[in-house]
Amino acid sequence: MKTVHFIGAGPGDPELMTLKGQRLIREADIIIYAGSLVNPQVLSGAGQSAEIYDSSSMTLQQVVDVMAAGVRAGKQVVRVHTGDPSIYGAHREQMAELDRLGIPYDVVPGVSSFLAAAASLKREYTLPGVSQTVILTRMEGRTQVPETEQIEGLAAHQATMVLFLSVSQIGLLCQRLQKGGYPADTPAAVVYKASWEDERIVTGTLEDLAERVEQAGIRRTALVTVGRFLGDGFQRSKLYDGAFSHGYRKGCGP
Ligand code: SAH
């Protein structure tokens with residue numbers, strides 16, 4: 001029986017998909033992709049005869065039915081998710097259904113949008129002396145967030161934070177982040193459509209970011225990043241410090 005391949009399509013720029021993902025799309029007989037977020041250009045390598053389904057108008061059952069019928073007919077099925085499927089990808093429920101049906105599958109990782117956002121911002125999330133932790137989270141919308149993961153509680157760490165699926169509530173979000181412990185002057189940036197041709201970046205602080213984002217009219221397909229990693233202060237790493245020895249290099253003085 002053929003294996004269903006879940007593929008992370010990357011954040012938007014088609015060149016940011018893995019070689020493996022590109023090959024599997026080229027070889028696919030059936031492609032199911034999340035049309036609301038995946039850049040259609042990532043499918044440009046698909047074969048002429050490939051059947052292409054946009055999952056944005058389908059239910060879980062319909063997606064699984066297409067996969068099952070395809071596999072049973074000996075066809076190669078790929079399921080394309082935006083970024084990396086493991087981050088708000090809703091692919092676990094599909095894998096559970098495939099398990100139930102005894103259909104094999106594997107997962108090809110992708111470049112998540114939070115990584116593309118750091119690249120666009122030209123910033124490092126984990127700066128020595130600033131933060132060594134990245135919190136990936138979201139505000140509740142129609143999907144609930146567990147009580148122990150409320151924004152205020154996570155903000156208390158003052159770690160680097162990246163918020164998915166939350167830019168439409170930017171005003172409330174910035175208030176809650178401050179209530180939780182980030183000072184009002186904490187730098188924050190919104191990256192809209194990271195790596196796409198119409199990418200936009202809006203920067204500010206927790207005090208003024210919401211207004212700037214609203215003025216820019218950004219309401220979706222954006223990440224909110226928060227923390228002093230966006231500032232200019234940090235310590236140099238030990239890894240490349242000349243006075244510091246490690247397994248691959250002897251110290252050579254300052
Ligand atoms: N699996 C995806 C995330 C899916 S959830 C990943 O790994 O990136 C969808 C949310 O991801 C959007 O609401 C937005 O917050 C974010 N997102 C996806 N692609 C984006 C991009 N290119 N730029 C900025 N944010 C993006």
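The largest pocket of this predicted model holds about 1500 Å³ of space. Here a pocket is an open set of points on a 1 Å grid over the protein atoms alone, where a 1.4 Å probe fits, with protein on both sides within 12 Å along at least five of seven lines. The ligand takes up the space of this largest pocket. Local features need pLDDT of at least 70 and side-chain atom pairs count only at pLDDT 80 or more, while totals for chains, interfaces and linings use all residues. Residues are numbered from 1 along each chain, and side-chain values use heavy atoms, without hydrogens and water.

**Pocket lining**
- Lining residues (an atom within 4 Å of a point) number 48, and L37, T82, Y88, G89 and L165 are the closest to the centre of the largest pocket.
- Elements giving two or more residues to this lining are α2 (60–72), β4 (77–81), α3 (92–101), β6 (134–138) and β10 (222–226).
- By class, the lining has 19 nonpolar, 20 polar and nine charged residues.

**Around the ligand**
- The ligand is surrounded by 18 residues (a heavy atom within 4 Å), with I87, S112, S113, A194 and A222 the closest.
- This shell has 11 nonpolar, five polar and two charged residues.

**Polar contacts (N or O pairs within 3.5 Å)**
- The side chain of S113 places an N or O atom 2.7 Å from a ligand oxygen.
- From the backbone, an N or O atom of A222 lies 2.8 Å from a ligand oxygen.
- A backbone N or O atom of K193 is 3.5 Å from a ligand nitrogen.

Notes:
A polar contact is a pair of N or O atoms within 3.5 Å; within protein, one must be able to donate a hydrogen and the other to accept it, and residues adjacent in sequence count only if both atoms are side-chain atoms. A molecule sits in a cavity or pocket if more than half of its atoms lie within 2 Å of its grid points. Ala, Val, Leu, Ile, Met, Phe, Trp, Tyr, Cys and Pro count as nonpolar, Asp, Glu, Lys and Arg as charged, and the others, Gly among them, as polar. Grid points are joined across faces, edges and corners, and a volume is the space filled by probe spheres set on the points. Helices (H or I, at least four residues) and strands (E, at least two) are DSSP runs, numbered from the N terminus.
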